[in-house]
Amino acid sequence: MIRNDAIFDTIRMFQEENLDVRTVTLGLNLEDCSSPVLAQLLDKIEAKVVGTAGNLVSAARQVERTFGIPITNKRIAVSPIAAVAAGHGVDALVQVARRLDRAAATVGVDLIGGFSATVQKGMTPTASALITSLPEALSSTGRVCSALGVASSRTGINMDAVLRTGHTIRAISEADRANAGFACAKLVVFANMPDDNPFMAGATHGQGEPDAVLNIGVSGPGVVKRALQRLIEGAEALSAGGDPESQLTLADLAEEIKVTAFRITRVGELIGRELAQRLAIPFGIVDLSLAPTPQIGDSIGEILETMGISQVGAPGSTAAVAMLNDAVKKGGAFASSSVGGMSGAFIPVMEDASLARAAAEGSLTLDKLEAMTSVCSVGLDMVAIPGDTPGETIAAIMADEMAIGVMNHKTTATRLIPVPDRQAGEMVSFGGLFGESVILPVHDVGASDRFVRFAGRIPAPLHSLKN
Amino acid sequence: MNDQTHILTVLTPDHRGIIAAITRVLGAHDAHLLELSQTVVRDYFTIIVVLTLAQPDGAAVLNSELAARLGPDATVTLVPYRDAPAAPTHGERYILTATGSDSPGILPTLSEMVANRGGNFTDLSTRVVDGEISIIAEIQVPGDIRLDQFQIDLQHAGSEAGLRVRLQHNRLFVATNEVAFRRISNDS
């Protein structure tokens with residue numbers, strides 16, 4: 001039998017430290033649903049989603065009971081709709097979104113991703129129509145999420161798409177004015193968009209994936225924070241007792257994070273494989289991202305505070321998050337041979353109470369967030385900005401974030417929310433897991449308009465030429 | 001197992017040299033050791049040994065020599081091994097844990113519930129520190145029961161006694177504590 005203390009260590013992760021399986025996401029190929037006849041396209045999409053994912057929620061609940069582990073979200077990611085619905089126009093795409101929404105409701109999942117397009121080098125007519133359809137598609141549905149791949153290290157940055165998306169985000173916000181622009185939280189704009197990301201809103205079932213696959217995203221900021229607290233408190237107690245060997249170094253903290261990430265990842269792999277087996281589909285990947293929630297004790301910001309950054313955003317924050325991100329990856333990679341998705345520490349401002357507080361107090365700015373995303377996952381995520389921020393400026397913010405991803409061969413993204421009729425310093429709240437935050441100021445609005453209006457493509461970096 | 005197979009148990013306040021003393025006496029009698037389990041519970045040393053005696057009628061002598069060697073505080077028993085029907089091993093291995101304020105009736109309640117569902121305890125330890133009890137048991141749970149109802153019943157029984165009771169598959173603890181992740185394993 002496993003040692004008693006090891007058993008209680010495991011139980012404590014769930015019982016006291018908020019560890020959960022954040023999402024099980026069924027990746028589903030819809031390319032075989034294509035049809036030039038809209039009614040057939042819609043029916044085929046709904047039949048395949050309901051037919052394949054019909055048991056997802058009930059099977060997940062069985063696995064929850066077997067292991068006594070909560071699975072917070074059950075979700076679906078489908079093939080990019082811009083490819084599935086090739087040849088159709090804006091109105092048809094809105095109907096596809098509504099049918100996806102209905103299918104998701106039927107099978108009992110809260111979000112369905114994949115109303116997406118990859119346009120990093122150019123744009124098909126359907127991809128263009130999909131972007132045009134986004135304001136209505138996202139504001140008139142509750143469950144549909146979208147991702148746009150506008151840049152990659154192989155192709156560079158499609159600034160035509162970035163500029164267009166900047167204006168589209170403003171239009172989505174206006175279309176969802178009644179909900180303070182919440183629909184923008186369902187659109188993620190990517191550089192190096194992953195094909196197997198299980199986390200919403202950016203999950204899409206990409207090219208090269210099986211017909212159906214089960215991906216899993218674990219969480220666990222609270223577990224990491226408590227592990228570090230125990231280590232530090234233990235060392236301080238020894239130090240008070242006069243033990244000269246008790247002085248901790250950052251390497252000790254990194255080691256503790258690594259070991260904790262190992263255990264978190266193992267939970268994900270276990271649950272993922274078990275659920276995939278029950279659904280009779282292949283297991284894909286475990287994404288070991290640390291994904292916070294607004295709940296106290298489930299925060300990346302609190303981890304940084306425990307590491308000695310008393311105010312997130314202060315000098316040292318980027319180094320701290322870099323060390324955290326790296327240690328999580330090392331522990332996770334040792335735990336599983338199936339690590340994928342984004343696999344890093346998320347810093348979504350609205351969804352992390354500590355980060356939201358730091359933003360409200362002025363220590364965490366848009367610029368510091370951008371610096372931190374150069375060493376962690378995944379980008380300017382759930383950032384509320386003034387509702388009158390021009391599309392060009394939104395595009396310029398996105399271009400900066402895409403450049404970090406393209407030049408560093410990593411996935412970066414933005415999820416920006418212009419909040420209609422509100423200015424920097426005012427609050428916005430979306431409730432539940434989406435949290436609340438102050439609206440961050442955007443400085444020098446308009447100062448980069450000329451740059452983004454050049455449009456065209458920022459060429460691929462030299463180090464993309466590897467052959 | 002043959003006619004000379006015996007079960008030796010020793011219970012004594014823990015101190016250094018007990019195992020050395022026991023094995024020295026067993027060696028002097030050419031007793032062949034088959035299986036052994038030893039632990040210390042709240043400062044008391046306890047050991048159970050399955051062994052085969054060299055001499056057909058050597059049990060009484062061995063018993064008295066061990067008792068003399070271990071002193072008056074030790075309780076030594078040596079009884080013939082009897083083949084017992086094997087305990088049922090069907091089902092999957094789960095870990096039952098209970099934590100909270102010490103409650104005298106909780107162990108009989110939980111163990112009765114396990115027995116009534118056809119489950120079998122294969123390992124059990126409990127500890128009370130400062131009025132807080134922790135119970136950890138490894139049990140075989142038959143595959144044909146309604147697991148969710150069993151878990152609810154256990155939790156209900158625990159909460160009535162002020163305890164938090166959980167029943168979770170053993171593979172969770174293997175996955176989070178062992179270096180290798182065994183996708184295919186007979187460790188059910």
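A residue is called buried when its relative accessible area is under 20%, exposed when it is over 50% and partly exposed in between, as judged with a 1.4 Å probe on protein chains only. The structure is a predicted model, in which local features need pLDDT of at least 70 and side-chain atom pairs count only at pLDDT 80 or more, whereas totals for chains, interfaces and linings use all residues. Residues are numbered from 1 along each chain as its sequence is written, chains are lettered from A and ligands numbered from 1 in the order in which they are written, and side-chain values use heavy atoms, with hydrogens and water left out.

In chain B, B:Asp43 counts as exposed because its relative accessibility is 61%, and B:Asp30, with 55% relative accessibility, is likewise exposed. Helices (H or I, at least four residues) and strands (E, at least two) are DSSP runs numbered from the N terminus. On this scheme B:Asp30 belongs to the loop between helix H1 (18-28) and strand E2 (32-41) of chain B, while B:Asp43 belongs to the loop between E2 and strand E3 (44-52) of that chain. Most residues other than glycine have a negative phi, and most peptide bonds are trans. B:Asp30, although not a glycine, has a positive phi of about 55 degrees, and B:Asp43, also not a glycine, has a positive phi of about 75 degrees.

Cis peptide bonds occur in chain A. One of them runs from A:Met200 to A:Ala201, with omega near 15 degrees, and A:Ala201 lies in the loop between E7 and E8 of chain A. Another runs from A:Ser377 to A:Val378, with omega near -5 degrees, and A:Val378 is placed in the loop between helix H13 (366-373) and strand E10 (379-386) of chain A.

The loop between strand E7 (187-191) and strand E8 (212-218) of chain A also holds A:Thr204, which is buried because its relative accessible area is 3%. The side chain of A:Thr204 makes a polar contact with the side chain of A:Ser116 at 3.0 Å; a polar contact is a pair of N or O atoms within 3.5 Å, where within protein one must be able to donate a hydrogen and the other to accept it, and residues adjacent in sequence count only if both atoms are side-chain atoms. Neighbours within four places in sequence aside, A:Thr204 is in contact (heavy atoms within 4.5 Å) with residues including A:Ala77, A:Pro80, A:Gly114, A:Ala147, A:Met193 and A:Asn197.

Helix packing was examined in both chains, with axes defined as lines fitted to C-alpha atoms, for helices over the stretch in contact, and angles running from 0 to 180 degrees between N-to-C directions. In chain A, the axes of helix H2 (residues 38-53) and helix H5 (residues 90-107) come within 9 Å and cross at roughly 25 degrees, so H2(A) is roughly parallel to H5(A). Angles under 35 degrees count as roughly parallel, over 145 as roughly antiparallel, 65 to 115 as roughly perpendicular and the rest as oblique. In chain B, helix H3 (residues 106-116) and helix H4 (residues 147-160) pack at an angle of about 165 degrees, with their axes 10 Å apart, and H3(B) is therefore roughly antiparallel to H4(B). B:Ile106, B:Thr109, B:Leu110, B:Met113 and B:Val114 of H3(B) meet B:Phe150, B:Asp153, B:Leu154, B:Ala157 and B:Gly158 of H4(B).
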